[in-house]
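Here is a short note to read alongside the coordinates. Please go through the points with the model open.

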Amino acid sequence: MLRKRKKRTVEEEEAEDDFVFPTGAGLLSMDDMSKSTLRRVSVISSSATPGSPPGSTGQADLASIRRNSIRRISTTLVKKGYTPSLSSISRPLSVSSLGKPSPLKIRDLVLMEEISQEEILEVLQQRYMEDIIYTYIGNVVVSVNPYKQLRIYDSATIDKYRGAKVFDLNLPPHIYALTDSAYSDMCFRVRSQVVVISGESGAGKTEASKQIMQYIAAVSGGGKDGDMIKTKLLKTNPVLEAFGNAKTIRNDNSSRFGKFMNINFDYHGHPIGGTITTYLLEKARVTRQAEGERNFHVFYQLCAAGELKKYGLRDDPKQYTYLNQGGVEQVKGTNSKADWMEVMSSLTFLGFSKELVVEIVKILGGVLMLGQLDVSNLEKCSELQTAGKLLSTSGDALRAAISNNTIVAQGQMVTSPLDEEQTSYARHTLSKALYDRLFKWLAGKMNERIRTELEDTLCIGVLDIYGFEIFNENSFEQFCINYCNEK
């Protein structure tokens, strides 16, 4: 039986070593530093800045410098209201005659000699041009999406950051440093942690959350049982991406839902389980996509893998109303058939039976067929019968459900027919509701496979807020997400 460590008093914690782990960890990932983004940097940094233990040399001064610098960032940037993007900056930053340091050597923005929005953006751009995508702001990590593969996530890099001092000056800024800080603080201080990932769509938030999980899986022990738990946690990613991600104008793999992954540990730092909380799935995407965008990935994966043919359906996305509106059926650099094979492998590993996978495919096929209905002539619509069969009901029952409005008045059921426009709206509503329920059911089933029964645990939470984005037509879910990102 695991024995819980005795909780230290504040005095014992302050006296036991000469350096301090951060009290929390924050990650800001972005590709375009807008005014609101810079405000979030200052807020997250100031709330996560640690104090220094009595008698330490250098740490108190550094912490003081950081706190004061962060206050100056917050005051200066909020007052100026200047909002350039990285792409709009053309003047290079070089070493001046006054001995101004090169941007490539500025690893922590709060230690800059001159702190202004213009200087910060220039530093980030110059580092980005040299493939240096990570920069610190205190104990916040700013990440600029390179839109290409960089060799900075291999096992050798993980070993460099494993157990290193907090934001070691001998190591370049990295998301691994932040993750190791959170994991070490959890083990050393016996307190749970949270990493918040925020930024605009296409900033690399989903990739950042995966790298955090990869690092934790690599550095935490637990033996065979621990390895099984870590593998299960990692296997949830392909499933959630297939059912919850889609191509948008700005991002080929945009998360269209919010996710909070809670990873549970015992008091030895070994993973013992986890839970996934999803929220605000953009279900409006099921029935409508803008030009240059796609529906959720899983529909195109089914077509590419030939799964729909098993039920007498076509495997060409162009033939489906719910898949051809954006004019993009294939995303460059992706293999939808291979992606579906990975989803199948993940579902099998997580304990989904073949029968359950069949039902999932049939529901997705039924949703596609609802988009094919000719609401002006439902009595002779063959797609109605096909949709009913896939959804385990009769065509007549399905027709009655989408073409009639039923209310209960004074204890009696009153049914009234809907016109064509209302019937079309009803079938779209049904499609969105079916997909939303399927997505939540999948998340719940995966939680059953990875959840721990222990109540007294430590945890690291990873909050991936899906991206700020403005479309020509914005769904209610997108409005809520934009509001959350602004706050």
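**Notes on the predicted model**

1. Start with strand β11, residues 458-464. Six of its seven residues are buried, so the rest of the structure largely encloses this strand. Keep in mind that the model is predicted.

2. Which way does β4 run relative to β11? The two strands are parallel, and five bridges join them. Strand β4 covers residues 193-198. Within this pairing, Gln193 stands opposite Ile460 of β11.

3. Strand β7, residues 258-265, also pairs with β11. Here the strands run antiparallel, with seven bridges. Ile263 is the residue opposite Ile460 on this side of the pairing.

4. Check the backbone at Val190. Its phi is near 55°, a positive value in a residue other than glycine. Most residues other than glycine have a negative phi. Val190 lies in the loop between α6 (175-189) and β4. Val190 counts as buried because its relative accessibility is 13%, under the 20% cut-off.

5. Asp131 sits in the loop between α4 (117-129) and β2 (134-137). Its relative accessible area is 34%, so Asp131 is partly exposed.

6. Last, the surface charge. Asp374, Asp419, Glu420 and Glu421 form a negative surface patch. Of these, Glu420 is placed in helix α14, residues 420-450. Buried or partly exposed: which applies to Glu420? Glu420 is partly exposed, since its relative accessible area is 48%.

Conventions: Residues numbered from 1 in each chain as written. Predicted model: local features only at pLDDT ≥ 70, side-chain atom pairs only at ≥ 80, totals over all residues. Heavy atoms only, no water. Patch = residues over 30% accessible without salt bridge, like charges linked within 9 Å, V, L, I, M, F, W, Y side chains within 5 Å. Areas by Shrake-Rupley, 256 points an atom, 1.4 Å probe, with all protein chains shown as cover. Salt bridge = Lys/Arg side-chain N within 4 Å of Asp/Glu carboxyl O. Lys, Arg positive; Asp, Glu negative; His and termini not counted. Charge placed at Lys NZ, Arg CZ, Asp CG, Glu CD. Helix = DSSP H or I, 4+ residues; strand = E, 2+ residues; numbered from the N terminus. Buried < 20%, exposed > 50% of the residue type's maximum accessible area, 1.4 Å probe, protein only. Pairing = 2+ DSSP bridges.
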